[in-house]
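Biologist: I would like to learn how to read a fold from its contacts. Please take me through one.

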Amino acid sequence: MKEKIRAFAAGIGINEVGFTEYGGQSAVVCLFPYFSEYRPGNLSVYAYSTDYHIIVRDKLKLICDFLLESGASRAEGFADIGPSIDKDLAYHAGLGFYGKNSLMINPRLGSYFFIGYVLTDMRLEPDSPVEGGCLGCGRCVAACPGNALENGFCEERCASAISQKKGELTADEAALLKKAGYVFGCDICQKVCPHNDAAFSPMPEFLQDRIFTVTEDMLDGLSNREFRQRYGRYAFAWRGKSVLVRNLKILNG
Ligand code: B12
Ligand code: SF4
Ligand code: SF4
């Protein structure tokens, strides 16, 4: 059955699938590569395209339907907002190893992928973690503008976390945001990682209708409702317009 699931997933463009257990159920864990290229602009690569939650949800729905048609009585898809820790599931499903940059690295895809999974009552033999690992070169630790990776991962010192935080930023947070240079997200600890040196093919869904930079002109005069209508399906919009306006002021100020 596992091979049938892998073949079905490959047919819908998912080439990295692993299996593990979670909460007494089987987890079918899938990777969704999104890296195409770095474009000049102020968005990190993961925020260029349609929000990955939408793309991942739609693909996982197809896997759920396939499992239900194949005898499962329960199958539900998750990404980000789910009962488990996505990286942990991917690790146990043999899809990668932990990098010092705190991300999951796959031997064939590097780290520029999203993780989604389906929990099902279908019994599926778990896979084992992969051999190999982070090179320990420390490039990510040295390059991080907030020194967020010196002792494990420190969310308070991470520019990606700060870019997504609501409300006023402290002077230190604003300085760090400006240093990193992103209006949303941050790619620095992935850009320098040797595991990301190869050329990777993203899923085609991540190449459509991309936006590489957010400008004040794009936001000026838009009500919150208009902003949602125009940009609501992009990941950079999920914290709302005011967070982007604040970040742009800091970057341009
Ligand atoms: C909240 C969150 C954030 C927050 C905080 C991140 C954090 N604390 O790690 C912020 C906003 C900073 C963030 C940033 C980013 N995120 Co984020 N984030 C999440 C989210 C929703 C929850 C993570 C979390 O807090 N888990 C709880 C804590 C306790 O778990 P944890 O940190 O993973 O650590 C546990 C295990 O993983 C494990 N573990 C950790 N390290 C190690 C090391 C070893 C050796 C071992 C054995 C185990 C182990 O032990 C811990 C305790 O159980 C996940 C999705 C999810 N639901 O899992 C995405 C997720 C981790 N993010 C993702 C992405 C893409 C990013 C960004 C790259 C986006 C960007 N370009 O800006 C950055 C990367 C920043 C970085 N260097 O990690 C992807 C990562 C894909 C990948 N290849 O790993 C995920 C999985 C989303 C997805 N579904 O694809 N994120
Ligand atoms: S995402 Fe940026 S700020 Fe956060 S740990 Fe990586 S390099 Fe540091
Ligand atoms: S940059 Fe080096 S230390 Fe950091 S995650 Fe990549 S291989 Fe590991």
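Biologist: Which residues have the most contacts inside the largest nonpolar core?

Modeller: In soluble globular proteins, nonpolar side chains tend to be buried together. A nonpolar core here is a set of buried Ala, Val, Leu, Ile, Met, Phe, Trp, Tyr and Cys residues joined through C-beta atoms within 7 Å. Buried means 20 or more other C-beta atoms within 10 Å of the residue's own, with C-beta atoms placed from the backbone. The largest such core has 71 residues, and Val-28, Val-29, Tyr-34 and Tyr-117 have the most contacts inside it.

Biologist: How far can I trust that, and how are things numbered?

Modeller: This is a predicted model: local features need pLDDT of at least 70, side-chain atom pairs count only at pLDDT 80 or more, and totals for chains, interfaces and linings use all residues. Residues are numbered from 1 along each chain as its sequence is written, while chains are lettered from A and ligands numbered from 1 in the order in which they are written.

Biologist: What is Tyr-117 in contact with?

Modeller: Contact means C-beta atoms, placed from the backbone, within 7 Å. Leaving aside neighbours within four places in sequence, Tyr-117 meets Ala-27, Val-28, Val-29, Cys-30, Phe-78 and Leu-89.

Biologist: What is the strand order of the open sheet?

Modeller: Strands are DSSP runs of E, at least two residues; helices are runs of H or I, at least four; both are numbered from the N terminus. Two strands pair if DSSP finds at least two bridges between them. The order is β1-β2-β6-β3, with antiparallel pairing. β1 (17-22) and β3 (75-78) each have a single partner strand, so one side of each lacks a neighbour in the sheet. β2 and β6 pair over eight bridges, and Cys-30 stands opposite Gly-116 in β6.

Biologist: Is Leu-31 buried or exposed?

Modeller: Leu-31 lies in strand β2 (residues 25-33). Leu-31 counts as buried because 23 other C-beta atoms lie within 10 Å. Beyond four places in sequence, its contacts include Ala-90, Leu-95 and Ile-115.

Biologist: Which residues come nearest to ligand 1?

Modeller: A residue is near a molecule if its C-beta atom, placed from the backbone, lies within 6 Å of it. Of 27 residues around ligand 1, Asp-86, Met-104, Phe-114, Ser-160 and Gly-185 come nearest.

Biologist: And which are closest to ligand 2?

Modeller: Ligand 2 has 13 residues around it; Cys-144, Cys-158, Cys-186, Ile-188 and Cys-189 are the closest. α5 (159-163) and α7 (188-191) each give two or more residues to that shell.

Note on methods
A residue is buried if 20 or more other C-beta atoms lie within 10 Å of its own, exposed if 12 or fewer, and partly exposed in between; C-beta atoms are placed from the backbone. Two residues are in contact if their C-beta atoms, placed from the backbone, lie within 7 Å.
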